[in-house]
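Me: Hi! Could you walk me through a helix pair and a pocket in this model, with the cut-offs spelled out?

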Amino acid sequence: MTNICTKVTVRKRPIKNGQTSLYLDFYPPIRNPKTGKLSRREYLGLYIYTNPVERFQQEYNKSMIQKAEIIKCRRTESIINEEYGFLDRNKGKESFLEYFKNLMIERGSSQNWATAYMHFHNYTHGECRFCDLTVPYCQGFLDYLLSDACMHNGKRMMGTTANNNLTKLKCILAIAYEDGLLKENIAKKLVRAKAHGNKRQFLTKEELSQTPCKSDVLRRAGLFSCLTGLRLSDCIRLQWENIVKLADGGWGMDIITKKTSTAAILPISEEALQLCGERSTGQVFKNLTNSTVALYLKPWIKASGIEKHITFHCFRHTFATLQLAEGTDIYTVSKLLTHSNLATTQVYADVVDELKRDAAERISLKIPTKEESDQT
């Protein structure tokens, strides 16, 4: 009984870029089930600001530390259960496909979800247990989607479509991990395909004109998204009680995002605040709905003389791209967008780099080459 782990502690380790990594320290050390070696550390993939200054940074640190403490409690419980033989020896042999299907139905399945499930069902040949799930196995699902096995009308599946199907699988894997059905957070390690030729559309400063829109609430919400990066779902849900005064004297949004359930306190500019209109109660952008966007967005973009394919989500792309173009560091932009992974924000940085290259190529002094000079 001398090897019983009696203490699990959340510890911090400073890393680069002003960040601190959170990890668990086990004492005495526990045996890694994969390598068989004793280990004292488990890095959680959670990071906080080393020296938080802004209130939203302090709130973010508080949220991440709380998550680390939750994981610590789970690890402690797991260790105790394993040590005293309370583990279910059949655990892991349950059908993951059944779990996928039931969760999909429970959450109100759409055609996109049904399609993703069908593809994964075919990939696994109709049989997949939790213990079968590994990173290589799940990553192989993407290779399957892009292979001849998923050809339609003589064409392979587009990278963006394959990524959408992979995202559905990642979502189910993440929930299974949170439910304690998976020992490893496989979802975080799956890599999306590079969707060549499918650039994220955004608007330039010049294109953000004051062209009238038949829906004033759409115009205000769209420009608000360009200034804050807020998704349509969160613009619709935004309440006046979410608009709060911050410690620095400015205004901000205290929200929980609908898509990722991320709690965040995000600063907003005075210009963005003005777009909200006169302070009241209830919904900030009253009568803003998906139907409103579907009805008025396309005519508004056309009236502005913009030929790009612009959706409401492109306003979020606009915020990210313009922030990076103006010199805001990618880590800050990532936090303002409430991205959990910096790699997600990197897409916008790549767009900015491409714009800089295009700008550099536009300037030419028509200087003749040495060979051309010798010929004259």
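Predicted model: local features only at pLDDT ≥ 70, side-chain atom pairs only at ≥ 80, totals over all residues.

Me: Which helix gives the largest share of the lining of the second largest pocket, and how many residues is that?
Reply: Residues are numbered from 1 along each chain as its sequence is written, and side-chain values use heavy atoms, without hydrogens and water. Helices here are DSSP runs (H or I, at least four residues), numbered from the N terminus. The largest share of the lining of the second largest pocket comes from α10, with 4 residues.

Me: How do the residues of that lining divide into nonpolar, polar and charged?
Reply: Ala, Val, Leu, Ile, Met, Phe, Trp, Tyr, Cys and Pro count as nonpolar, Asp, Glu, Lys and Arg as charged, and the others, Gly among them, as polar. The second largest pocket is lined by 14 residues. They divide into 7 nonpolar, 4 polar and 3 charged.

Me: Are α4 and α5 roughly parallel or antiparallel?
Reply: Helix α4 (residues 135-145) and helix α5 (residues 159-178) pack at about 160°, with axes 9 Å apart. Axes are lines fitted to C-alpha atoms over the stretch in contact, and angles run from 0 to 180 degrees between N-to-C directions. Angles over 145 degrees count as roughly antiparallel, so α4 and α5 are roughly antiparallel.

Me: Which residues of α4 make the contact with α5?
Reply: Contact means heavy atoms within 4.5 Å. On the α5 side, the residues include Leu 166 and Leu 169. From α4 come Cys 138, Phe 141, Leu 142 and Leu 145.

Conventions
Helix = DSSP H or I, 4+ residues; strand = E, 2+ residues; numbered from the N terminus. Parallel < 35°, antiparallel > 145°, perpendicular 65-115°, else oblique. 1 Å grid on protein atoms, 1.4 Å probe; cavity = no way out; pocket = protein on both sides within 12 Å on 5 of 7 lines; lining within 4 Å.
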